[in-house]
Amino acid sequence: MVALTGAATAVCWSDTVTDANTPGPTTSDPHAADANSTDTYALPLRDERVLDEVLADGSAVLYHTATRSLMTLNPTAALVWDLCDGEHDEAAVIAEVQDVFPDVAHVDTDVRTILTNLRVNGMLRPVPAES
C-alpha cells in the first residue's frame, strides 16, 4: 500500500510551520477568507505570494511571503501543488494523481485532503470556474 499523504517533518525559523496533513491557522488574509468553500477554488491556483522549492526527493517546501507561513509537502502533495495552475479542476488533479498511483483506491480522498489543507493554509488563491 502506498501512503499518499504522509508528510516530512518541517524545520524552519518562520512564524508558522505546517505540513500538508495539518490544517493551518486561521488568517485574516483576504485570499484565505473563503478557504473552506470549494466553490471559490473551482480551479485551484497557487497564490503568487507563495515561494516554492522542490527538493531532491520530490518533496517541496512552500513559504507564504505575506503570512510568513511555511508548509512542507511530500512528493505526492508536491505533485498536487504543481497541478494547482488554474487550469486543472479538482477532478483533473485527482485523475492525474490516479494515473501515477493506479492501484491506490483512495486517491480522491487524499487529493481532496491535500487541496483543503493548501486552501486552509492560504497557499491557494480563490479563482471561480468560468460559466
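Modeller: Start with the hairpin of strand 3 and strand 4, which has 5 residues between the strands. Gly-58 takes a positive phi there, near 90 degrees. Strands here are DSSP runs of E with at least two residues, and helices are runs of H or I with at least four; both are numbered from the N terminus.

A word on the source: this is a predicted model, where local features need pLDDT of at least 70 and side-chain atom pairs count only at pLDDT 80 or more, while totals for chains, interfaces and linings use all residues. Residues are numbered from 1 along each chain as its sequence is written, and side-chain values use heavy atoms, with hydrogens and water left out.

Strand 3 covers residues 50-54 and runs antiparallel to strand 4, with 5 bridges joining them. Two strands pair if DSSP finds at least two bridges between them. Within this pair, Val-54 stands opposite Ala-60.

Now the other neighbour. Strand 4 is also joined to strand 5, residues 69-73, by 5 bridges, and these two run antiparallel. Leu-62 faces Met-71 of strand 5 across that pairing. Strand 4 and strand 5 make a hairpin too, with 4 residues between them. In its turn, Arg-68 has a positive phi of about 55 degrees.

Then step back to the chain. The secondary structure comes to 3 helices and 6 strands. Along the sequence the pattern reads β-β-β-β-β-α-α-α-β. Of the 131 residues, 40% are buried. Buried means under 20% relative accessible area, exposed over 50%, and partly exposed in between, with a 1.4 Å probe and protein chains only.

Contacts mean heavy atoms within 4.5 Å. Among contacts with a separation of 6 or more, 63% join residues 24 or more positions apart.

Gly-86 lies in the loop between helix 1 (75-82) and helix 2 (90-100). Leaving out residues up to four places away in sequence, Gly-86 touches Leu-43, Pro-44 and Leu-45. The C-alpha atoms of Gly-86 and Arg-46 are 7.7 Å apart, although 40 residues separate the two along the chain. Gly-86 counts as partly exposed because its relative accessibility is 22%.
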